[in-house]
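Please walk me through this model.

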Amino acid sequence: MPSPELEFDKTKCAACETISCLVKCQYMDFKDTNEAKKEWQKVINNQDSIVLKSCNTCYACEEYCPFGNHPFYLIVERQEEKGILPAPRPIITMWINQCQPVGKFIVGRVDERALSYCFLPHFNTLVKGKLFDGIAWSAIFGQEFFCNAVYLHYAKASVIKDRLPGIVENIKNQGIKELVCLHDECYGTFTSLASAYGIDMPFRPIHYYEYLYGRLKELKDVIKPLNAKAAYQRNCSARLCPQTDHYVDDIFGLLGVERVKREYDRENALCCAEIFRMARGPAIADDVQKRNLDDMVEFGAEYCVFNCPACWDSLADKVANRGIKPIHMIDLCKLAIGEEQALRLPESGAEV
Amino acid sequence: MLTAAAIYDALGKIVGKDFVSDGKEERYFYARDGGLMPPHEPDFVVLPRTSEEVQEIVKLANREKVPIVPHGAGLALTGLVIPQRGGIVLDMKRMDRILEVNEKARYVVIEAGVTHGALKHHLQKHHPHLRHSIPDSPPIATIAANVVIHGQGRLSQQHGFNSDMVSGLEVVLPTGELCRIGSCSVSSYWFSKGPPLPDLSGLFLGWFGTTGIITKLGLKVYPCKKMRDVMLALTDKAELVPDIMLRLSHTEMVEDVVVAAQPLPLRFKGTFWIMAYITGDGHEELEFKRKMVWDALWEYFESRDVGFLSIPSGMKAPLLSMPSKDTTRFADVSKGGGFQYAGPIAPIEKFPLFIRKLEEVAADHKLFYSSTSRLIGAGHCMMFSFSFSFNRANADEMARAKTALDECSRFALEEGGVLWKADIDEQRLLMDKMDPNTLVLMKKIRQLLDPNGIMNPGNWEIR
């Protein structure tokens with residue numbers, strides 16, 4: 001079976017006047033569009049470019065590109081071709097080994113519509129209650145269903161190309177027709193990454209926000225508005241599926257939650273930055289996290305609503321230390337229908 | 001000479017009939033430990049409550065020339081409390097009183113049956129600003145037994161072997177005399193096991209109970225910061241590990257450094273996991289120490305040879321737990337609940353060589369392996385574990401594990417390591433290599449202290 005190849009259209013970039021992929025980048029500075037265009041042309045031509053070494057793998061250029069031409073996936077391809085390591089080698093090795101499909105996975109009573117826990121144990125805690133009536137047991141978890149988008153952070157497009165077709169096949173073999181992805185990485189993989197590599201989807205990926213929105217409408221009679229102000233923590237893989245962002249507003253609307261209009265939200269969002277720590281060290285990560293948290297505080301957020309469990313792991317305690325309540329989107333919905341927050345910070349700090 | 005029945009009666013008179021047994025069940029249980037050494041039954045098991053009872057038992061044993069083996073929790077895995085010649089097993093568990101916590105001089109005085117779990121709990125509850133060096137054995141391990149084998153723990157990077165933290169001993173000599181060692185021999189304070197006096201603690205520590213029975217000990221305790229965290233550095237180059245350990249130690253900010261290596265679960269494959277534990281009384285102190293650790297390894301980070309893993313909370317809790325439960329988990333990797341390790345104490349420069357040997361031996365003998373190394377002192381040495389798990393129901397696998405361990409021990413010894421808590425076979429290896437005059441000295445000490453050779457015979461037996 002031939003390896004999937006990135007479907008990248010260089011003519012779109014040639015016609016692009018904004019070079020938004022680089023000009024809008026929050027971590028690279030170009031003196032003007034011309035300079036950005038030159039650097040981007042180098043990337044396209046597989047020449048050495050500062051872009052390849054400076055990329056922090058925040059994924060945002062995937063959202064910035066007005067043509068959907070997948071600039072970030074191209075960067076990843078080029079980084080790998082040139083042997084550029086965006087993160088230390090042992091970290092990359094660990095990730096490659098950790099998520100290798102080896103026949104260990106967990107499936108529930110899988111129906112045609114199923115939940116994907118990806119490879120994140122947090123969903124064992126989160127998926128409970130009325131929101132998941134009728135579907136909670138229809139779930140898949142483990143390396144065999146792991147979407148592999150994480151390797152975009154590590155310049156390992158080859159791993160994605162190698163594993164993703166098998167992952168898609170594994171899901172199909174469960175008889176799943178509709179897959180509710182509880183993690184943006186999965187949804188982004190199945191809707192953006194897979195299509196960019198020409199991999200057909202034998203099932204329909206559904207973003208869990210779409211699912212939650214539907215369930216909340218069904219449960220609207222039991223919703224008690226929360227009347228709270230919340231900062232939304234966008235995650236890196238949300239950049240792969242920006243078309244789902246409106247669900248945040250839609251869900252917040254149903255819950256009576258105000259999405260604070262802060263500086264670092266929507267297209268200008270800052271990610272949790274933990275990947276920066278692993279890749280570049282603490283200085284940039286601490287700076288990004290501080291700016292992000294300062295921004296939440298400044299705009300009066302009572303809650304910080306998380307989409308991604310990895311962001312939760314990185315930021316939840318820091319958010320709490322700033323006097324803001326961290327909560328996952330699923331738990332926020334639960335609060336509004338009278339259920340309890342399930343994913344919480346450990347009761348006490350580190351054991352001494 | 002008394003009959004077995006008479007000895008049983010005499011023991012009963014000393015400790016009370018509920019605390020002596022010659023029953024089949026007790027003899028079966030005390031005949032073995034969790035490791036690979038063949039079992040051997042005692043004739044009696046006795047549980048004394050006081051130092052005076054220990055004295056009476058030892059006097060009886062000495063008079064009747066009955067072997068006597070002190071027993072903590074029996075967790076050494078190398079058969080050190082298996083009664084090789086039968087006789088009396090003296091289980092110290094009932095001597096479990098914490099007698100004193102001296103906050104100002106930072107030591108505790110405890111009886112020999114006090115466990116690490118009990119002391120940890122006591123300090124957390126009553127003296128939360130103090131802690132002791134907890135080893136990664138189960139919490140039922142006794143502190144006295146741990147120091148007798150020169151155990152290591154969570155504070156060993158800073159303060160050396162757990163036995164270095166002893167601050168005084170009360171010992172029943174093999175002839176029954178009760179003897180105090182250290183400052184407590186001239187003072188009511190237990191702050192030093194030796195200095196400024198002649199350090200006699202060396203007559204008992206490391207001797208596996210062949211020179212006397214510790215009934216009480218003083219143990220240094222240390223400041224307990226309010227917060228604790230772990231940083232996880234990964235490298236795929238074994239040859240860098242010694243320097244990484246040295247650099248971490250150089251910061252003087254790290255309380256404990258542990259290196260883990262194993263092929264499974266897959267996330268461990270091909271990388272060495274270096275855990276650096278830090279503590280602080282606030283976020284600021286912790287953050288400062290984190291930065292020091294980053295700075296120490298920055299050069300390797302930039303070369304992409306070392307990375308720091310962000311640790312999710314689910315993973316952090318087990319890493320921070322004391323003792324670590326991973327050792328126990330490893331015991332059941334092969335199913336059937338068996339594991340043992342050869343744990344030489346060696347210069348840290350030997351890490352790459354030892355790792356290669358471990359991989360090679362595991363492959364040769366088709367065994368699952370794991371290694372956990374702990375830095376001792378400020379880089380003065382490390383404990384390197386060659387660990388193998390096995391199924392106790394699989395005799396062939398157990399035999400392969402024993403052969404593999406022997407091979408690793410011999411190798412470590414050849415490479416300049418010194419075997420830790422050596423089983424009787426390893427003790428022979430050590431003594432074969434030992435300076436002959438040192439052996440003569442050891443023999444003289446044993447003969448002087450234990451003229452009838454009753455104390456844990458089979459161990460440190462110098463021909």
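Is A:Val288 buried or exposed? A:Val288 counts as buried, because its relative accessibility is 0%. Buried means under 20% relative accessible area, exposed over 50%, and partly exposed in between, with a 1.4 Å probe and protein chains only.

This is a predicted model, in which local features need pLDDT of at least 70 and side-chain atom pairs count only at pLDDT 80 or more, while totals for chains, interfaces and linings use all residues. Residues are numbered from 1 along each chain as its sequence is written, chains are lettered from A and ligands numbered from 1 in the order in which they are written, and side-chain values use heavy atoms, leaving out hydrogens and water.

**Around A:Val288**

A:Val288 sits in helix H14 (residues 282–298) of chain A. Helices (H or I, at least four residues) and strands (E, at least two) are DSSP runs, numbered from the N terminus. Not counting residues up to four places away in sequence, A:Val288 touches A:Tyr27, A:Leu270, A:Cys271, A:Ala273 and A:Phe276. Contact means heavy atoms within 4.5 Å. A:Leu270 is 18 residues from A:Val288 in sequence. In space the two are 7.0 Å apart, C-alpha to C-alpha.

**Two sheets in chain A**

One open sheet has four strands in the order S7-S6-S8-S9 (chain A), with parallel pairing. Strands pair if DSSP finds at least two bridges between them. Strand S7 (257–259) and strand S9 (325–328) of chain A have a single partner strand each, so one side of each is left without a neighbour in the sheet. The twist averages 35° from one strand to the next. Axes are lines fitted to C-alpha atoms, for helices over the stretch in contact, and angles run from 0 to 180 degrees between N-to-C directions. Inside this sheet, A:Ala231 stands opposite A:Cys304 in S8(A). Helix H15 (residues 309–321) of chain A lies across S6, S8 and S9 of chain A. H15 runs at about 165° to S9(A).

Another open sheet has five strands, in the order S1-S3-S2-S4-S5 (chain A), and its pairing is mixed. Its edge strands are strand S1 (105–107) and strand S5 (204–207) of chain A, and each pairs on one side only. Neighbouring strands here are turned by 25° against each other on average, direction ignored. A:Cys181 stands opposite A:His207 in S5(A). Helix H10 (residues 184–196) of chain A packs on this sheet and touches strand S2 (113–116), S4 and S5 of chain A. The direction of H10 makes about 145° with that of S5(A).

**A helix pair in chain A**

Two packed helices are described by the angle between their axes and the distance between the axes. For helix H11 (residues 208–218) and helix H16 (residues 329–336) of chain A, the axes come within 11 Å and cross at roughly 5°. That makes H11(A) roughly parallel to H16(A). Angles under 35 degrees count as roughly parallel, over 145 as roughly antiparallel, 65 to 115 as roughly perpendicular and the rest as oblique. From H11(A), A:Tyr208, A:Tyr209, A:Leu212 and A:Leu216 meet A:Met329, A:Ile330 and A:Cys333 in H16(A). By class, the contact has seven nonpolar, no polar and no charged residues. Ala, Val, Leu, Ile, Met, Phe, Trp, Tyr, Cys and Pro count as nonpolar, Asp, Glu, Lys and Arg as charged, and the others, Gly among them, as polar.

**Strands and a serine in chain B**

Strand S13 (residues 256–261) of chain B is mostly covered, with six of its six residues buried. B:Asp256, B:Val258 and B:Ala260 lie on one side, and B:Val257, B:Val259 and B:Ala261 on the other. Strand S20 (residues 386–391) of chain B is also mostly covered, with five of its six residues buried.

| Strand pair | Bridges | Sense |
|---|---|---|
| S13(B) and S14(B) | five bridges | antiparallel |
| S13(B) and S18(B) | four bridges | antiparallel |
| S16(B) and S20(B) | six bridges | antiparallel |
| S18(B) and S20(B) | three bridges | antiparallel |
| S6(A) and S8(A) | four bridges | parallel |
| S4(A) and S5(A) | four bridges | parallel |

Within S20(B), B:Phe386 is the bridge partner of B:Ala342.

B:Ala342 also contacts B:Ser409. B:Ser409 lies in helix H12 (residues 395–414) of chain B. B:Ser409 is buried, because its relative accessible area is 1%. Its side chain makes a polar contact with the side chain of B:Glu426 (2.5 Å). A polar contact is a pair of N or O atoms within 3.5 Å; within protein, one must be able to donate a hydrogen and the other to accept it, and residues adjacent in sequence count only if both atoms are side-chain atoms.
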